[in-house]
Amino acid sequence: MSSTILLAVTLASGPLDAQQIRAREQPAADSLGTFVRHSSLGSDSLLRRETPSRETVGRANATTLTSQQSPQGTPPRSGMYMNIGFSGLMDAGWSSTADVQSLQRGDHDPAVRGFTVPNEEITLDGAVDPYFKGFVDIVYKIDPEGESALELEEAYILTTSLPANLQLKAGQFYTEFGRQNQQHPHAWVFVDQPLVLNRMFGPDGMRGQGARLSWLAPTSWYTEAMVTVQNSLGETMYSFRSEESSEIHGGIPAEREVRGGGDMVVVPRLATSFDLTPTQTLLLGVSGAFGPNNSGASNRTSVYGADLYWRWKSATAGQGFPFFSLQSEVLYRRYGAAEREAIDQATVTLPRETIGDRGAYTQVLWGIRPRIVAGLRAEVASGNTTSFDSELRADRTRISPNFTLYPSEFSKVRLQYNYDDRKGIGRDHSIWLQFEFILGAHAAHRF
Amino acid sequence: MKTIALLSFAAAALGAPRGTTEPLAAKLSVVATTPDLASLAKAIGGDAVDVKALAKPTEDSHFVDAKPSHIVTLNRADVLIEGGAELELGWLPPLLESARNSRIAAGAPGRVVASHGIKMLEIPETFDRSKGDVHALGNPHFMIDPLNAKIIAADIADHLAQVDPKSADVFKANLQAFNTALDAKLAEWQKQLAPYRGAKIVTYHKDFVYLAERFGLVVVETLEPKPGIAPSPAHLAKVITTMRAEKARVILVQPYQNRRTAETVARQTDAVVLDVSQQPGAIKGTDTYLDLMDHLVQTLVNALQGDK
C-alpha cells in the first residue's frame, strides 16, 4: 500500500516542468538555508564573508569561496541547498574480559581493550523540492579487527505536503520501532547499544529498505500512528530473514526468494504524548514488528515493544539545563522456529519450537547544570529454554552509570562504567571513555 | 482501479504543494516561537487572532524542548512567526518536519521570519567555532531594539493580511496604533536614557547588543568568554579587571542565566545585578512588549542613576 503511494508520487512528479520546480524551490530552501549558512561552509581558512550588504545577508548565501568568486561578486550557489554535518565518535577503555566483543556486541560500541573508532558519520539533508525532504547518513567505521567498513545507514525522502496529515518516508531508514532504535549512535546517551535492542534487532539496529506512512491524529494532544513496510532480508533484519539469525535459532538459515506481500516486515507503531505540567512531558509508544524468519520455509517472527519517556526541564532552563529524564523500553520476541538442521552439528536436527526472548532497560539522566549530565542505566535480558544453548540468549543484567561533559554543543566527553552479569559466564567490569566532535551542521534534537 | 485512485490522490496532493491558505477556524491561529514575537502578533492581530508562543518567557530560547505538543500546535497553525537568524535552529526544524503543515512552510504567506527585515549586528567575518557558537547571520537578539520591533510588526501585519485579507484593515489599524504607542514610548525611553549615553554595562550573554546600540550604552564585557561557552574563572578575573578599569557597575542577567556568577563578579566590583528579560511575561507586570521595554529602561535608569 505504502509502496504503491510512493510509486504514484514518483510518477506524478514527472510532468512538472523544471522551471516551475525551480521557481518553487527558493522559498522551500529557505529554512534549510539557515542551516547551511550556519554550518556547512564552516572552514574559515577557505571562506570569507562577502561585502556585508543587507541584500547578501538577507539571502541564503552570506559566504563564498573567495577563489571562485564570479566577476559580479555573486557567490557560487552549489552546496547551499544542503546541510552537511560530520560527527566523529572515539572510544577508549578496558574490560575485565579479554573477549570484549562477546560483551560489547553493538556495531558502534567500544569493542576492544584500547581504542575503538566505531562511528564516523556524514549526514546530508535538505529540501529536495517543494514536495520532498531528503536525508542521507553514511557511516565509516573501523571494526574491532582494525578493518574499515562503510555503511549506508540511512538514505530516504520524506514528503512535506501530503493531505490529511499524512507523511510518507521511503528509502533506507531505521525502523520506527520504540525509541532508541530510531536514533543514530551520536544521539545515544550511553556509549553502547542497550542489550535488549542488540538481542532483538542485532548489532546494527533494525533498519532496511522500505516505506513508512504516518498519520498525525487530529486530537488536541499529540498522537501519531505509523506503519512501516520493509524488506525482510539483510543483516539489519536480524529477527527476520538475516543470515545472522542462526544466532537466534541455532539452525542453518533457509534461503528462498520473496513469495508475496507476506514476506515483507510490517511495523505498526502508535505514539502519544501529554504535557503533565508546563515543565513535564510524557511520551508513550507501542510498536510491533511482524514478518517471516529464515529458520524454515514459512515461519514467522513477532516482536512487541512498549516505550516510555518522561522529561522535566526547569522553567528557567539555561542552555537546556537543569533537566531530569527517564526512558524505558520493554521488548518481547516470539520467534517461530521450524524443524531445522543445527548449524554447528551436522547430524543434529532441532525440533520445531517457539523461541521467546524478552528484555528491558531503564535509564535516567540528570542534567545537573549547563553541560554536565549524570546518567544511570539498568538492563535485563533473558530467553526461554530451547533445544539448543546460546550465550546470546542467556540471562544477563547490566548496570551502567555514566557522566557526560559537553565542553560546547559540538563536543562531548563521556565516562561510563559497565557492571555485567552473564549467567553461566560470570561478572565483568568495563570502563569506557568516549569523545565526540561535530563539524558543520549540528542536527537539531528531537524530543 | 485502486492504483488509479491512488495516483489521482497523489497527483492532487502534489498539485497543491503549499496546501490551502484558507484559515482553519474563524480566528487565525498564530504561533510565535518566542513570547516577544507573540506579543507583537497580539498587538497587530487583536481579536482576529489566537496567539501562542512555543518558548516559555523564562527559558533560553536557543534551547527549547522540541516536545510533541508543539508538533500539534504547529500542525494547526495558520501563521508561524520565527525569529530566524538561527535562534531556533536547535529545535524548530524537527518540529516543522513532523508538523507537516504547508500553510507555514518556508516561503508561504503564513511564515514570518522576523530577521529578514532587520539590519543584523555582529555578522561574523569568518565562520569559526573556535570563537564560540557565533551565529553566521549575526546576533539574533534584535527584538530588544524598539525600532526593530516596528519593522517586525509591519512584517507581521503584512503576512496576516495576506493570510486573512478580510481583516486586512483591522491589522493595518492595529499596526498604526502600535506604532503610535511605540513612537511615544521610544521618545520617552530615549529621553530617560539620554543622560547615560556612553554608560558601561556588562551582560551575561551577547544578548543586549541591539539595546546598547539604540540607546548609546557600551557593553564592555560579557560573563561568557565566547557565545555559548561557560564562564571560566580566568575569564571572570579579566571581566573584574575590565569592570574596575572602565567603572562598569551594572550587570544584566536574564532569568535563565546563572545569577550566582553575576553576583560573585558584582561583589568584587561594587556592581549591581539587574534582573531583566527580553521576553514579556518573565518578570511580573511585563505582559506586553511595551511593558517589557518600560521595565528594562526603568531598571537601567534606576541603576545608572544610583551609580552617578
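**Contacts, cores and domains**

Biologist: Which residues is Leu216(A) in contact with, leaving aside its neighbours within four places in sequence?
Modeller: Residues are numbered from 1 along each chain as its sequence is written, with chains lettered from A and ligands numbered from 1 in the order in which they are written. The model is predicted, so local features need pLDDT of at least 70 and side-chain atom pairs count only at pLDDT 80 or more, while totals for chains, interfaces and linings use all residues. Contact requires C-beta atoms, placed from the backbone, within 7 Å. On that basis the partners of Leu216(A) are Asn165(A), Glu224(A), Asn75(B) and Arg100(B).

Biologist: Is Leu216(A) buried or exposed?
Modeller: Leu216(A) belongs to strand S8 (residues 207-216) of chain A; strands (E, at least two residues) and helices (H or I, at least four) are DSSP runs, numbered from the N terminus. A residue is buried with 20 or more other C-beta atoms within 10 Å of its own, exposed with 12 or fewer, and partly exposed in between. Because Leu216(A) has 22 C-beta neighbours inside 10 Å, its class is buried.

Biologist: How is H2(B) oriented to H6(B)?
Modeller: Helix H2 (residues 35-45) and helix H6 (residues 168-193) of chain B pack at about 120°, with axes 7 Å apart. Axes are lines fitted to C-alpha atoms over the stretch in contact, and angles run from 0 to 180 degrees between N-to-C directions. Angles under 35 degrees are roughly parallel, over 145 roughly antiparallel, 65 to 115 roughly perpendicular and the rest oblique. H2(B) and H6(B) are therefore oblique.

Biologist: Which residues of the largest nonpolar core touch the most other members?
Modeller: A nonpolar core is a set of buried Ala, Val, Leu, Ile, Met, Phe, Trp, Tyr and Cys residues joined through C-beta atoms within 7 Å. This core has 100 residues, and those that touch the most other members are Ala41(B), Ile44(B) and Ile251(B).

Biologist: Which helix gives the most to this core?
Modeller: The core draws at least three residues from each of domain 1 (2-184) and domain 2 (187-307) of chain B, with bounds from an automatic or database domain assignment. With 9 residues, the helix that gives the most is H10 (residues 289-307) of chain B.

Biologist: How many residues does domain 2 of chain B give to the contact with domain 1 of chain B?
Modeller: The C-alpha centres of domain 1 and domain 2 of chain B lie 28 Å apart. Domain 1 of chain B gives 29 residues, and the number from domain 2 of chain B is 26.

How values were computed: Two residues are in contact if their C-beta atoms, placed from the backbone, lie within 7 Å.
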